[in-house]
Amino acid sequence: QVQLVESGGGLVQPGGSLRLSCAASGSIFNIYVMGWYRQAPGKQRELVATITSGGNPNYWDSVKGRFTISRDNAKNTVYLQMNSLKPEDTAVYYCNSNPPYISWGQGTQVTVSS
């Protein structure tokens, strides 16, 4: 069974950057389209970026031009480079397949505030 562990979150000022990592156990990781999701307080979890097993990314409008998703299939890891962060990016960030077939990890908190 694949398990997911997210890391790299923290407190950052508006305009700052963070790099999130998601380590997956299990060799079937490389067959999935992987995505980064986020859930802000009082809101539903939303998908913000995906990447195919071949490395083709897709971004939702709210993060396009600021976030970059990547993956290393040999390391079973997916990354999210977040630049030009805004207060509205504050949320718990999760990775999962798209659609989300894997059990959710604990997520990593990103707080953007001055």
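The legends below accompany close-up views of a predicted model.

View 1. The secondary structure of the protein comes to 0 helices and 10 strands, and from the N terminus on the elements run β-β-β-β-β-β-β-β-β-β. The radius of gyration is 13 Å, close to the 13 Å that the globule rule gives for 114 residues, so the protein is as compact as a globular protein of that length. Taken along the principal axes, the C-alpha atoms fill a box of roughly 40 × 25 × 20 Å. Of the 114 residues, 44% count as buried, and among the contacts with a separation of 6 or more, 53% come from residues 24 or more positions apart.

**View 2. The open sheet S1-S3-S8-S7.** Four strands make up this open sheet, in the order S1-S3-S8-S7 and with antiparallel pairing. Strand S1 (4-7) and strand S7 (67-72) each have a single partner strand and stand at the edges, so one side of each is left without a neighbour in the sheet. Averaged over the sheet, and with direction ignored, neighbouring strands are turned by 15° against each other. Strand S3 and strand S8 pair in the antiparallel sense over 6 bridges, and within this pairing Cys22 stands opposite Val78 in S8.

**View 3. The hairpin of S7 and S8.** Strand S7 is joined by 6 bridges to strand S8 (residues 77-82), and the two run antiparallel. Thr68 stands opposite Gln81 in S8. The hairpin that S7 and S8 form has 4 residues between the strands, and Asn76 in the turn has a positive phi of about 50°. Of the 6 residues of S8, 5 are buried, so this strand is largely enclosed by the rest of the structure.

View 4. When residues up to four places away in sequence are not counted, Leu80 touches Leu18, Arg19, Leu20, Trp36, Ala49, Phe67, Thr68, Ile69 and Tyr93. Cys95 lies 15 residues from Leu80 along the chain, and the C-alpha atoms of these two residues are separated by 9.4 Å.

**View 5. The largest nonpolar core.** This core has 28 residues, and those with the most contacts inside it are Leu4, Trp36, Ile69, Val78, Leu80, Met82 and Tyr93. At least two residues of the core are supplied by each of strand S3 (18-24), strand S4 (34-39), strand S5 (46-51), S7, S8, strand S9 (91-97) and strand S10 (108-112). Strand S3 gives the most to this core, with 4 residues.

**View 6. Strand S4 and its partners S5 and S9.** Strand S4 is mostly covered, with 5 of its 6 residues buried. With strand S5, S4 pairs in the antiparallel sense over 5 bridges, whereas 6 bridges join S4 to S9, again running antiparallel.

**View 7. The disulfide between Cys22 and Cys95.** A search of the whole structure finds 1 disulfide, which is formed by Cys22 and Cys95, with their sulfur atoms 1.7 Å apart. Distant parts of the chain are linked by this pair, since Cys22 belongs to strand S3 and Cys95 to strand S9, 73 residues apart. Cys22 is buried, with a relative accessible area of 0%, and Cys95 likewise counts as buried at 0% relative accessibility.

Technical notes:
Residues are numbered from 1 along each chain as its sequence is written. This is a predicted model: local features need pLDDT of at least 70, side-chain atom pairs count only at pLDDT 80 or more; totals for chains, interfaces and linings use all residues. Side-chain values use heavy atoms; hydrogens and water are left out. Two strands pair if DSSP finds at least two bridges between them. Axes are lines fitted to C-alpha atoms, for helices over the stretch in contact, and angles run from 0 to 180 degrees between N-to-C directions. Contact means heavy atoms within 4.5 Å. A nonpolar core is a set of buried Ala, Val, Leu, Ile, Met, Phe, Trp, Tyr and Cys residues joined through side-chain atoms within 4.5 Å. Buried means under 20% relative accessible area, exposed over 50%, partly exposed in between (1.4 Å probe, protein chains only). A disulfide is a pair of cysteine sulfur atoms within 2.5 Å. The radius of gyration is taken over C-alpha atoms; the globule rule is 2.2 Å times the number of residues to the power 0.38.
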